[in-house]
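Subject: The structure, and what turned up in it

Hi there,

Here is the structure I promised to pass on. Have a look at it before you read further, and keep it open beside this email.

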Amino acid sequence: VTLRRDPRQTGAAPGELEAAVARATSTLEATWGPLGVGVARRYEALPVVSLRVPAVHLAELAADPLVAGVWPNRVARVFRREGRTLMNVGGVTSHGFDGRGVGIAVLDTGVDYGHTELAPGGSDPSAKTVKLRDAVANDGDPRDEQGHGTSVAGIAAGKSGGVAPSATVVAVRVLDDEGEGTDEQILAGIDAVLVSVHAGNPFNI
């Protein structure tokens, strides 16, 4: 469910949007909970909430003044292409850009932060790969068990072969070991990135 935003929240001070999202989510839960609507996942910095809704109540929920839209929880899948060629790596590096001081958030199957191109992994800005969030297992260890996210991170910021070899990778796992993830998981990953940015952006994403 996409929550309807008050125009007054545009440009709101840090924390105000998060508070408004929490209030709207709690109000929806209190109003619709008795009718069998349950909260599947809450978000902090995104004006959305994942709900389990009996089909009979979908139209009514969509008409709620707090609701801007209702969407199914779809599944996304990895897509493999030759990234270096598509991104014209040579053209970028020839201008001397190496990504120093930049954090690149990779929302994918996770990142193998033990890989020589992407190590070490850690939770502070000194790490090559920052372990930000696993939205699949709902914990803080976004290690890649599938491979796609590691490939993406290597193309973006691998120490010797990346487009931006001096950049930091900020790892967020939103796709599972089969390379699939729901809208709910992807939104949770985006939410984790926004929460980090709103908390002072320590990884310069």
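This is a predicted model: local features need pLDDT of at least 70, side-chain atom pairs count only at pLDDT 80 or more; totals for chains, interfaces and linings use all residues.

Strands and a crossover

Together with helix H5, residues 148-157, strands S8 and S9 form a β-α-β unit, and its handedness is left.

Now move to helix H5, where Thr150 lies. Is this residue buried or exposed? Thr150 counts as buried because its relative accessible area is 13%, under the 20% limit. Leaving aside residues up to four places away in sequence, Thr150 touches Gly110, Val111, Asp112, His115, Leu118 and Asp144. With Asp112 there is also a polar contact: a polar atom of the Thr150 side chain lies 2.8 Å from the backbone nitrogen of Asp112.

Charges over a ring

Which charged ends sit over the ring of Tyr113? One belongs to Lys131, at 4.7 Å from the ring centre. Another is that of Arg143, at 4.3 Å from the centre of the Tyr113 ring. As for pairs of aromatic rings, the count is zero.

Backbone details

A few spots in the backbone deserve a visit too. The peptide bond between Ala119 and Pro120 is cis, with omega at about 0 degrees. You will find Pro120 in the loop between strand S6 (103-108) and S7.

Asn138 is not a glycine, yet has a positive phi of about 60 degrees. This asparagine, Asn138, belongs to the loop between S8 and H5. Its relative accessible area is 48%, so Asn138 is partly exposed. Asn201 also has a positive phi without being a glycine, with a value near 55 degrees. To find Asn201, go to the segment after helix H6 (183-198).

Enjoy exploring, and write back with any questions.

Best wishes

Key
Residues are numbered from 1 along each chain as its sequence is written. Side-chain values use heavy atoms; hydrogens and water are left out. A crossover is right-handed if, with the strands pointing away from the viewer, the path from the first strand over the helix to the second runs clockwise. Helices (H or I, at least four residues) and strands (E, at least two) are DSSP runs, numbered from the N terminus. Rings of Phe, Tyr and Trp (its six-membered ring) pair if their centres lie within 6.5 Å; planes under 30 degrees apart count as stacked, over 60 as edge-to-face and the rest as tilted. A charge sits over a ring if NZ of Lys or CZ of Arg is within 6 Å of the ring centre and within 35 degrees of the ring normal. Buried means under 20% relative accessible area, exposed over 50%, partly exposed in between (1.4 Å probe, protein chains only). A polar contact is a pair of N or O atoms within 3.5 Å; within protein, one must be able to donate a hydrogen and the other to accept it, and residues adjacent in sequence count only if both atoms are side-chain atoms. Contact means heavy atoms within 4.5 Å.
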